[in-house]
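Open the structure in your viewer, keep the selection tool at hand, and follow the stops below in order.

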Amino acid sequence: MKKAFRIIVIALLLTGCGISSAQAQRRAVRYLANYENEPYHFGFLLGFNSMMYTLKTVEDYQNVPHDPNQWPGGPINPDNTQAIYIYNLETQKVPGFTVGIIGSKRLGKYFDLRLIPSLSFGERRLDYSIAIDTKNTPEFIDTTMLASKAIFSTFVEFPLQIKYRSKRLNNIGAYLLGGVNPKLDLASQKSNKFIMEDGSSIINNLVTKRFDCALEVGAGFDIYNQWFKMGIEVKMSYGLLDVVKNEAFIYTAPIDKLRNKMFQISMTFE
C-alpha cells in the first residue's frame, strides 16, 4: 500500500507539472486571480476510502490451544474436539466512501489551515485460519477451516490539516498536506452475543474502541475555473491508538495491538 501511495503521489505531481508546462507554452486566461488572497474558503469533499488495520500479533500465538466452546457456531463440534488453534490471522480491506465539509483559513502566502468535518463509511475483515484437533486423533491436527469476521465502521472525523501550496502556474497548483484527525467510530460498540446450549453467552464479533486519533499525510493539485476550484488529492491516515477491546477472547487472543489505517482519494470543490 505504501508503494502504491508513492506511485499515485508521483503520478499526480508529474501530471500537474505536465499540465502546467503545457499551459505555460501558451497564453491562458487566469481564473479566480485573487483566490489565494481571500482569508476564508468553504466547500465540500467527496472521497473513496480503503480502510484497513495495522496488526501486531502475540508471539507464538499459533501454538496456544483454545477451548472449542469459545468458537460460536460454525462446523466445530465441541463434543468431538479436543482443542482449536488459530494458526494464521490476516486483515482484508474493503472499499468505502467519505463525505465532508471544508473550511479553509489562509495562514500565509503558501499555507492554509483546513478543518474538514467528515463522515467515513467502511469495513475491515479479519480472516482466521483455524486448526481443529479432534479427540479421536489427539496426536495431530487433522481438520482446518477459515472463518471471517467483518468489522463495520462509521467514523465521525475532524481532520485538522496544514496545506502547503506551490506557486500557481496559470490555473494549476500542486500542494502537500499533513495534520491530525481525531475520530469517533459510531459502529464500534455493537456486540453480537451468541447464546450457547448451556444458556451462557459469548461475544461473537471483534469489538473495537470508539475513539481514535490519526496522523495524516497527503498530496494533490488544484484546478481553477471561472466559478470554483476543484482539487484531486490522495491521503494516508495512520491511527495512533490501540483500538482492540479484549471482550471476545477467541478473536482477540492472537492480537497484541490493532491500529486503524486508511487510504483515501478525494475530490474537493471550493
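Begin by selecting strands β2, β3 (111-115) and β6 (160-165), each of which supplies at least two residues of the lining of the largest cavity. Strands here are DSSP runs of E with at least two residues and helices are runs of H or I with at least four, both numbered from the N terminus. You are looking at a predicted model, in which local features need pLDDT of at least 70 and side-chain atom pairs count only at pLDDT 80 or more, while totals for chains, interfaces and linings use all residues. Residues are numbered from 1 along each chain as its sequence is written, and side-chain values use heavy atoms, with hydrogens and water left out.

**The cavities**

A cavity is a set of points, on a 1 Å grid over the protein atoms alone, where a 1.4 Å probe fits but cannot get out, and its lining residues have an atom within 4 Å of a point. Grid points are joined across faces, edges and corners, and a volume is the space filled by probe spheres set on the points. Counted this way, there are two cavities of 30 Å³ or more.

The largest cavity holds about 90 Å³ of space. Now select Tyr-35, His-41, Asp-112, Arg-165 and Lys-229, which are the closest to its centre among the 13 residues that line it. By class, this lining has two nonpolar, two polar and nine charged residues, where Ala, Val, Leu, Ile, Met, Phe, Trp, Tyr, Cys and Pro count as nonpolar, Asp, Glu, Lys and Arg as charged, and the others, Gly among them, as polar.

Move on to the second largest cavity, which has about 40 Å³ of space and is lined by residues including Leu-45, Thr-98, Glu-157 and Lys-235. Its lining has three nonpolar, four polar and two charged residues.

**A pocket**

A pocket, unlike a cavity, is an open set of points with protein on both sides within 12 Å along at least five of seven lines. Select Arg-30, Glu-36, Tyr-110, Arg-165 and Arg-168, which lie nearest the centre of the second largest pocket, out of 15 lining residues. The volume of this pocket is about 240 Å³, and its lining divides into four nonpolar, three polar and eight charged residues.

**Aromatic rings**

Rings of Phe, Tyr and Trp (its six-membered ring) pair if their centres lie within 6.5 Å, and planes under 30 degrees apart count as stacked, over 60 as edge-to-face and the rest as tilted. The count comes to seven aromatic pairs. One of them is the stacked pair of Phe-44 and Phe-269, at 5.1 Å centre to centre with 25° between the planes. Phe-44 is in strand β1 (residues 40-57) and Phe-269 in strand β12 (residues 255-269), so that this pair links parts of the chain 225 residues apart. Phe-269 is buried at 19% relative accessible area, where buried means under 20%, exposed over 50% and partly exposed in between (1.4 Å probe, protein chains only). Phe-44, at 41%, counts as partly exposed.

Phe-44, Phe-228 and Phe-269 form one aromatic cluster.

**The nonpolar core**

Finally, select Leu-126, Tyr-128, Ile-130, Leu-206 and Ile-255, the residues with the most contacts inside the largest nonpolar core, which has 19 residues. Such a core is a set of buried Ala, Val, Leu, Ile, Met, Phe, Trp, Tyr and Cys residues joined through side-chain atoms within 4.5 Å. Strand β4 gives the most to this core, with four residues.
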